[in-house]
Amino acid sequence: MTKSELIESLTARYPQLGARDADFAVKVILDEMAACLSRGQRIEIRGFGSFALNYRPPRVGRNPKSGDKVMVPEKYVPHFKAGKELRERVDQSGDVPA
Amino acid sequence: MTLTKAELSDLLFDKVGLNKREAKDMVESFFDEIRNALSRGEDVKLSGFGNFQLRDKPQRPGRNPKTGEEIPITARRVVTFHASQKLKSAVDDLSHANTTTES
């Protein structure tokens, strides 16, 4: 499923709102989620999962081509942990051929 | 401060002009649609944000960390999230801003 398919499904669920509102709503939700993570905030959606940041300390890496040592600075990476309901439903979908 | 469905529906009320009920339903449905697609065995790609992918894991040996007893970890299907390049670099800017993830 892509973002546009998601918008189509939401439009079908709420025909009184129209495609424009569904489109805008999806944009607002995703932008806010990205903005929160960028500020270092966690996201917790009951039944779906949580997004948090994982810290990666600075390390000495290697340029795989030349073998030169390079300093890789510290960074944060987004991490998603599926919630109980999502985890169980997805696991059950693996039991029957998709 | 943690972002939850409540804050997201307030935002739909303020920015999109949905009424409180519609805003709450829309947020609920947004995650419901993604959950349904994943439960149907479909990957979900949200451009600019990231992809949710399904991975089938084979059975592997494990042990009970308390007792040390060996028990197999059964084969399962799991969801993994891969942030888009855009989200990754937005988040990475945090380390340069010298802030912490403490909230």
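How much space lies in the second largest pocket? In this predicted model, the second largest pocket holds about 220 Å³ of space.

## Second largest pocket

The second largest pocket is lined by 14 residues, and the closest to its centre are Lys3(A), Leu30(A), Asp31(A), Gly48(B) and Lys86(B). Two or more lining residues come from each of α1 (3-13) and α2 of chain A and α3 (85-97) of chain B. The largest share, six residues, belongs to α2(A).

By class, this lining has seven nonpolar, two polar and five charged residues.

## Largest pocket

The largest pocket contains about 410 Å³ of space. Its lining is made of 18 residues, of which His79(A), Phe80(A), Val79(B), Thr80(B) and Phe81(B) are the closest to the centre.

Nine residues of the lining are nonpolar, four are polar and five are charged.

Helix α2 of chain A (residues 18-38) packs against helix α1 of chain B (residues 5-16) at an angle of about 130°, and their axes are 10 Å apart. Because of this angle, α2(A) is oblique to α1(B). The crossing of the two helices is right-handed.

On the α2(A) side, the contact is made by Asp21(A), Phe24(A), Ala25(A), Val28(A), Ile29(A) and Glu32(A). Helix α1(B) contributes Leu8(B), Leu11(B), Leu12(B), Lys15(B) and Val16(B). Eight residues of this contact are nonpolar, three are charged and none is polar.

Technical notes: Residues numbered from 1 in each chain as written. Chains lettered and ligands numbered in written order. Predicted model: local features only at pLDDT ≥ 70, side-chain atom pairs only at ≥ 80, totals over all residues. Heavy atoms only, no water. Axes fitted to C-alpha atoms, helices over the stretch in contact; angles between N-to-C directions. Helix = DSSP H or I, 4+ residues; strand = E, 2+ residues; numbered from the N terminus. Parallel < 35°, antiparallel > 145°, perpendicular 65-115°, else oblique. Left-handed = near helix turned anticlockwise from the far one by under 90°. Contact = heavy atoms within 4.5 Å. Nonpolar A, V, L, I, M, F, W, Y, C, P; charged D, E, K, R; others polar. 1 Å grid on protein atoms, 1.4 Å probe; cavity = no way out; pocket = protein on both sides within 12 Å on 5 of 7 lines; lining within 4 Å. Points joined across faces, edges and corners; volume = space filled by probe spheres on them.
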